[in-house]
Amino acid sequence: MDLGLGGRGYLLTGASRGLGFATARALVDDGARVLISSRRLDSVSSAVTELGGAPSAYGSVADLADADSVSRLVAEARDQLGRLDGALISVGGPASGTVFETTPEQWRSAYDSVLLGPLWLVRALVPHLGPGAAIGFVLSATVRQPIRHLAISNGLRPGLAMTAKALADELGPKGIRVFGLMPGTIATDRSTEIEAASGDPAAARAATEADIPLRRVGRPEEFGRVAAFTLSPAASYVTGAMIPVDGGVLRSP
């Protein structure tokens, strides 16, 4: 299938590694051009090099919790790519821990980065997007069911998912699609951190896999291909959807 990505330009945040990078890889391999961002220069530079560099891939250092960084990031994406056809918005996972283990400061910081930062980015992006553009949010299975030791994610991700649905209503008349992706356990640095926080990583991995119908954790490229498709013109009638990429772990309809 031709996804229609040739020559299109996408901004991907939190994309120097993990799920964002896997999506950038899939987009570039199908002919799109990307600007990726994260908070560390060395990580961004390494990822851009791995993607082949200009004219296919560019990078920028940005923190979505900083409003000035958001405006600058969108301007850089326009300048480097020449056009903007959408974005995949991902932020680092908030601190792990139960409700009683996490601190008020951790909740406030996560609120700024997980919820407010992505919304400021959308507001900066939309004036530069036209009909056929797409905005995707990297969410979590916590949108539909809580995950042990991830109290902050359990609290904030569902709010971002409902905001994404509201944005689909608001931006639909402009021809702009909005969707969310709900990864389950994917073999990334983040999943390794969560397993380590349990105190017994091997047991945590075994318990996780036992509850997945496919009996394995996902690979980043499996997520990246789904994300690239939903950002592409091939998914032109998909909006307002929260799509699981989780090996079947979510049993809700």
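Two strands count as paired if DSSP finds at least two bridges between them. Helices (H or I, at least four residues) and strands (E, at least two) are DSSP runs, numbered from the N terminus. This is a predicted model: local features need pLDDT of at least 70, side-chain atom pairs count only at pLDDT 80 or more, and totals for chains, interfaces and linings use all residues. Residues are numbered from 1 along each chain as its sequence is written, and side-chain values use heavy atoms, with hydrogens and water left out.

**The sheet.** Select the seven strands. They form an open, parallel sheet in the order E3-E2-E1-E4-E5-E6-E7. Now pick E3 (57-61) and E7 (242-245): these stand at the edges, each with a single partner strand, so one side of each has no neighbour in the sheet. From one strand to the next, the twist averages 20°.

Four bridges join E6 to E7. Glycine 180 has methionine 242 of E7 as its bridge partner.

**Packed helices.** Show H3 (residues 67-81). H3 packs on the sheet and touches E1 (9-13), E2 (33-38) and E3; contact means heavy atoms within 4.5 Å. The direction of H3 makes about 155° with that of E2 (axes are lines fitted to C-alpha atoms, for helices over the stretch in contact; angles run from 0 to 180 degrees between N-to-C directions).

**Helix H2.** Move to H2 (residues 41-50). Ser43, Val44, Ala47 and Val48 are buried (under 20% relative accessible area; exposed is over 50%, partly exposed in between; 1.4 Å probe, protein chains only). Their cover includes H1 (18-29), E2 and E3. On the face turned away, find the exposed Leu41, Thr49 and Glu50. Finish at glycine 52, which follows H2 and has a positive phi, near 105°.
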